[in-house]
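Visitor: I would like a close look at one part of this model, namely the salt bridges with the strands and pockets around them. Please take me through it slowly.

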Amino acid sequence: MTRELVYTGFMSLDGVVDSPGGKVEGHRSGGWVMDTEFVPEAYSLKSEELADTSALMFGRRSYEAFAPIWRDSVDHAAYKDLPKYVVSASLADDALIDGWGPITILRSADDIAELKQTEGGAIYIHGSAELARCLSDADLIDRYNLLVFPVLLGAGKSLFSRADRDKQTLRVRDSATYSNGVTKLVYDVVR
């Protein structure tokens, strides 16, 4: 049995995933999640994920954005000692942040495929749109946990590739719609 690789994130209705909480990526509509009415139950997926997460995975840019904040964040304290994997061809070992549990650099999709064959539970990818597109194209993502926000941004990083590829079928595992217009969509990749 292989470990499940799960992409989790906030997404606009037109598939944009960058800068949901601010202008970190430089998106002119950055902060679009914060502009949506806060309804606590719309974020219940995040606490469900926390119970299921055995490791975290990031692309280099998302790691560099999240690590300094999440390491000391009370909201992310449960992640502190979990294994973390950063996928990067260029990140040096001495650039890893101290005090945030075990961190391993993976250099390729083959490294990720090997990791999936190890013992352990679900590995969650946070942010990291470019990584998610590459791993989807390599058929390595097993599930998508998405909170889709009722906004159209028109530009920005897309979660899904526009490459001409074989159809990939998804099966709904869970869904819900909330009073603020946010929709939870949890899809398993059908193989």
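Guide: What follows starts with the charged pairs, moves to the paired strands, and ends with the pockets.

This is a predicted model, so local features need pLDDT of at least 70 and side-chain atom pairs count only at pLDDT 80 or more, while totals for chains, interfaces and linings use all residues. Residues are numbered from 1 along each chain as its sequence is written, and side-chain values use heavy atoms, with hydrogens and water left out.

Side chains of opposite charge can pair when their charged atoms come close. The model holds 13 salt bridges, a salt bridge being a side-chain nitrogen of Lys or Arg within 4 Å of a carboxyl oxygen of Asp or Glu. One of them pairs Glu4 with Arg173, with 3.4 Å between the closest N and O atoms. Glu4 sits in the segment before β1 (5-12) and Arg173 in strand β7 (residues 170-177), so this bridge ties together parts 169 residues apart in sequence. Helices (H or I, at least four residues) and strands (E, at least two) are DSSP runs, numbered from the N terminus. Glu4 has 22% relative accessibility and is partly exposed; Arg173, at 45%, is also partly exposed. The cut-offs are under 20% relative accessible area for buried, over 50% for exposed, and partly exposed in between (1.4 Å probe, protein chains only).

Arg173 also meets Asp188 in a salt bridge, 2.9 Å from N to O. Asp188 belongs to strand β8 (residues 183-189) and Arg173 to β7, so here the parts tied together are 15 residues apart in sequence. Asp188 counts as buried, at 15% relative accessibility. Through shared partners, salt bridges join Glu4, Asp52, Arg143, Arg173 and Asp188 into one network.

Glu49 is buried, with a relative accessible area of 1%, while Lys46 is partly exposed at 23%.

Now the strands around Asp188. β7 and β8 pair in the antiparallel sense over 7 bridges, where two strands pair if DSSP finds at least two bridges between them. Asp188 in β8 is the bridge partner of Arg171. The hairpin of β7 and β8 has 5 residues between the strands, and Gly181 takes a positive phi near 90° there. β8 also runs antiparallel to β6, joined to that strand by 6 bridges; Val186 in β8 is the bridge partner of Asn145. Of the 7 residues of β8, 5 are buried, so the strand is largely enclosed by the rest of the structure.

The loop between β6 and β7 contains Ser158, which is buried at 16% relative accessible area. Leaving aside neighbours within four places in sequence, Ser158 is in contact (heavy atoms within 4.5 Å) with Gly15, Val17, Ala129 and Arg133.

The pockets come last. On a 1 Å grid over the protein atoms alone, a pocket is an open set of points where a 1.4 Å probe fits, with protein on both sides within 12 Å along at least five of seven lines, and lining residues have an atom within 4 Å of a point. The second largest pocket has a volume of about 160 Å³, volume being the space filled by probe spheres set on grid points joined across faces, edges and corners. Its lining includes Ser136, Asp137, Tyr144, Leu146 and Tyr187. α4 (129-137) and β6 (143-149) each supply at least two of the lining residues. By class, this lining has 6 nonpolar, 3 polar and 2 charged residues. Ala, Val, Leu, Ile, Met, Phe, Trp, Tyr, Cys and Pro count as nonpolar, Asp, Glu, Lys and Arg as charged, and the others, Gly among them, as polar.

The largest pocket holds about 1,500 Å³ of space. Its lining has 49 residues, with Ser62, Phe66, Trp70, His126 and Gly127 nearest the centre. Elements giving two or more residues to this lining are β1, α1, α2 (60-70), α3 (109-116) and α4. α2 provides the largest share, 7 residues. The lining of the largest pocket is made up of 23 nonpolar, 16 polar and 10 charged residues.
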